[in-house]
Amino acid sequence: MAFRGVVVTGMTAAVVLMALPAQAAPTCAKVKCIALTFDDGPGTETGALLSLFRKERVKATFFLVGKHVERRPALVKRMAREGHEIGNHSWSHASLPTLFDEQVTQELLTTQEAIASVTGRPPRLFRPPYGHTDDRVLGLAKDAGLAQVLWSGTTLDWKLRDQKKIKAVILKLARRDGVILMHDTVPQTVQVMPEVIEELKKRGYHLVTVSTLLKGRRLAAGESYPAAP
């Protein structure tokens with residue numbers, strides 16, 4: 001499937017360039033950083049989460065499902081405007097290794113196009129739904145210009161659906177340079193996030209995007225980080 005080029009109009013460019021007051025990103029080589037990442041959105045709870053992050057002056061990485069981007073473009077535009085990182089989580093949340101090559105490519109590129117049409121730029125990162133991946137999927141992602149981001153710990157919040165349990169798991173998984181997997185489509189995760197942020201800050205963590213966590217190193221297309229979930 002051919003990837004259709006996206007023209008950045010003056011209005012779109014203005015949206016991309018418009019940002020919150022300048023704030024230097026933490027230097028994760030010198031301070032303790034952690035990346036909170038959220039899959040499957042944007043959803044009905046995402047706006048509340050973004051408002052919290054703006055208030056607390058923290059950044060996160062969102063891996064978005066293409067069909068939800070199409071439904072809620074304003075939230076995607078807000079993520080970009082407020083300095084969060086946006087990644088590709090496929091168009092339909094399919095298990096990519098079960099698909100033919102052309103289908104995998106379509107899942108990735110249609111999502112690239114959907115996000116780029118809203119933000120003015122396609123993502124550089126993707127996360128395979130369910131964490132299902134293999135060398136073939138990674139090779140096709142490379143062809144699409146994408147690096148793969150997995151995680152150092154997953155909360156399984158979609159299964160827990162309990163604020164106290166989700167908080168306990170996040171704090172147990174927290175470590176320097178950790179990449180924590182959550183879902184902004186789980187209401188209990190969003191509801192407990194103020195307590196999580198407060199505790200992580202008390203422990204000395206700076207909450208940053210995955211790219212900030214990499215200390216200036218840019219992931220190459222086809223690279224996978226961290227090495228394994």
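Which two residues form a disulfide, and how far apart are their sulfur atoms? The first point below answers this, after a word on the source.

This is a predicted model, in which local features need pLDDT of at least 70 and side-chain atom pairs count only at pLDDT 80 or more, while totals for chains, interfaces and linings use all residues. Residues are numbered from 1 along each chain as its sequence is written, and side-chain values use heavy atoms, with hydrogens and water left out.

1. Disulfide. C28 and C33 form the link, with sulfur atoms 2.2 Å apart. A disulfide here is a pair of cysteine sulfur atoms within 2.5 Å, and by this rule the count is one. The link of C28 and C33 is left-handed, with -90 degrees about the S-S bond. C28 is buried at a relative accessible area of 2%, and C33 is buried at 0%. Buried means under 20% relative accessible area, exposed over 50%, and partly exposed in between (1.4 Å probe, protein chains only).

2. Chain as a whole. The chain has 10 helices and nine strands; these are DSSP runs numbered from the N terminus, helices being H or I of at least four residues and strands E of at least two. Of its 229 residues, 49% count as buried. The accessible surface is about 10800 Å², and carbon and sulfur atoms hold 54% of it; the areas come from the Shrake-Rupley method with a 1.4 Å probe, and for residues only the protein chains shown count as cover. Among contacts (heavy atoms within 4.5 Å) between residues at least 6 apart in sequence, 77% join residues at least 24 apart.

3. Helix α9. Just after α9, G204 has a positive phi of about 90 degrees.

4. Packing of α9. Its buried residues include V192, M193, V196 and L200. The partners of the buried residues of α9 include β1 (33–39), α2 (46–56) and α8 (163–173).

5. Strand β3. In residues 85–88, E85 and G87 are buried on one side and I86 and N88 on the other. Strand β2 (residues 61–64) pairs with β3 in the parallel sense over four bridges; pairing requires at least two DSSP bridges. F62 has I86 of β3 as its bridge partner.
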